[in-house]
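This note is intended for a reader who meets the model for the first time. Please read the numbered points alongside the sequence and the coordinates.

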Amino acid sequence: MAELSEPQTMRSWRVSTLANPTAFMRLSGKLLPWLIALTLILFAVGLTMAFLAPPDYQQGETVKIMYVHVPAAWLSMACYSVIALSSAGYLIWRHPLADVSAKAAAPIGAVFTLLALVTGSLWGKPMWGAYWVWDARLTSVLILFFLYLGLIALRQAIDEPGRAGRAAAILALIGAVNIPIIKYSVNWWNTLHQPASVIRADGPTIAPSLLWPLLIMALAFTILFVVLHLKAMRAEVLRRRCDAMIAVHVRGDAAQDRAGGEAVSHV
Amino acid sequence: MFDLGPHAGFIWLSYAAAALCILGLVLWVWTDERTQRRRLADLERRGLRRRSSQQNQDKP
């Protein structure tokens, strides 16, 4: 066999390193303690800054709800994007780790979406006078929550893991159309929800004294999501190893039974 | 403690909901990994092997 040139060797090493479940377990095991420490530090700093931040000139202290609502809402979309990308990876390359990533992220995304809806309602009541209005932003986020529940339920409904993974991946990619709808709903339709005030073409419109605590809290939530996702992926890799061991054992027993039966029939 | 104004209840409820969600997720992922690790150790103790290790054993 011809020897691989150096660039080819490097490329194949990188792909196999990232995609190999054993290497993933080793690498994530090394990374997790650092990420957990970083999450705790960021939350300590973020919460201190959030509670020391000045009140908003219109909303007063109620603006403090923003420091948990906005990161949860960002993560609800980011987590779905991770699922959509992983699903595309699974459908194209059929790599089991991509399916593990999609499966592990769904319950985490569902919880962050629920948190965004609950904190949004708690913010809406004192500011708008209503816990809920059927405007485009709120309704599209509610649809996102139902999409997460649909993805989880679909996997539970199909026994064969390969088929369940493919069906969930197709549903995840169809549902991905909801992400730009959520993002631009406040621009496309006349909504009660305020338009984007951080990620804008002309820069953030929030005062720096309120923006910095928000950015630190958003970073804390994001690193927390990475920690939770890696831990959930590790559990899923271990679950699949156990299931594979049991399947090999059962097949081995069945083969022995067949061989025994054939021996008896030949006697 | 903090004077969070007339809507303090809504603010504390939001932070309580966030804490509940985060603690619930942390508890779930940690418990799930520990359960699967124990399950794997139990299967290995019973003599079950992974397909890859069996293939390695079968090699001459």
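1. Chain A contains eight helices and zero strands, where helices (H or I, at least four residues) and strands (E, at least two) are DSSP runs numbered from the N terminus. Along the sequence, the pattern of chain A reads α-α-α-α-α-α-α-α. Chain B has two helices and zero strands.

2. This is a predicted model, in which local features need pLDDT of at least 70, side-chain atom pairs count only at pLDDT 80 or more, and totals for chains, interfaces and linings use all residues. Residues are numbered from 1 along each chain as its sequence is written, while chains are lettered from A and ligands numbered from 1 in the order in which they are written.

3. Of the 267 residues in chain A, 35% are buried; for chain B, the share is 18% of 60 residues. A residue is buried if 20 or more other C-beta atoms lie within 10 Å of its own, exposed if 12 or fewer, and partly exposed in between, with C-beta atoms placed from the backbone.

4. Among the contacts in chain A with a separation of 6 or more, 77% join residues 24 or more positions apart. Two residues are in contact if their C-beta atoms, placed from the backbone, lie within 7 Å.

5. Helix 3 of chain A packs with helix 4 of chain A at an angle of about 160 degrees, their axes being 7 Å apart. Axes are lines fitted to C-alpha atoms, for helices over the stretch in contact, and angles run from 0 to 180 degrees between N-to-C directions. The two helices, helix 3 and helix 4 of chain A, are therefore roughly antiparallel to each other; angles under 35 degrees count as roughly parallel, over 145 as roughly antiparallel, 65 to 115 as roughly perpendicular and the rest as oblique. The contact of helix 3 with helix 4 of chain A has 19 nonpolar, ten polar and one charged residues. Here Ala, Val, Leu, Ile, Met, Phe, Trp, Tyr, Cys and Pro count as nonpolar, Asp, Glu, Lys and Arg as charged, and the others, Gly among them, as polar.

6. How do helix 3 and helix 6 of chain A meet? The axes of helix 3 (residues 66-93) and helix 6 (residues 161-175) of chain A come within 9 Å and cross at roughly 130 degrees, so helix 3 and helix 6 of chain A are oblique to each other. Residues of helix 3 of chain A that meet helix 6 of chain A include Ile83(A), Ala84(A) and Leu91(A); among their counterparts in helix 6 are Gly165(A), Arg166(A) and Leu173(A). By class, this contact of helix 3 with helix 6 of chain A divides into eight nonpolar, two polar and one charged.

7. Arg94(A) is placed in the loop between helix 3 and helix 4 (96-128) of chain A. Phi of Arg94(A) is near 55 degrees, a positive value in a residue other than glycine. Most residues other than glycine have a negative phi. Arg94(A) counts as exposed because it has 12 C-beta neighbours inside 10 Å.

8. Leu52(A) lies in helix 2 (residues 21-52) of chain A and is exposed, with 10 other C-beta atoms within 10 Å. Leu52(A) and Pro213(A) are 161 residues apart in sequence and 9.1 Å apart in space, C-alpha to C-alpha.

9. The contact between the chains takes 31 residues from chain A and 29 residues from chain B. Helix 1 of chain B supplies the largest share of the side of chain B that touches chain A, 20 residues. That side of chain B comprises 16 nonpolar, six polar and seven charged residues.
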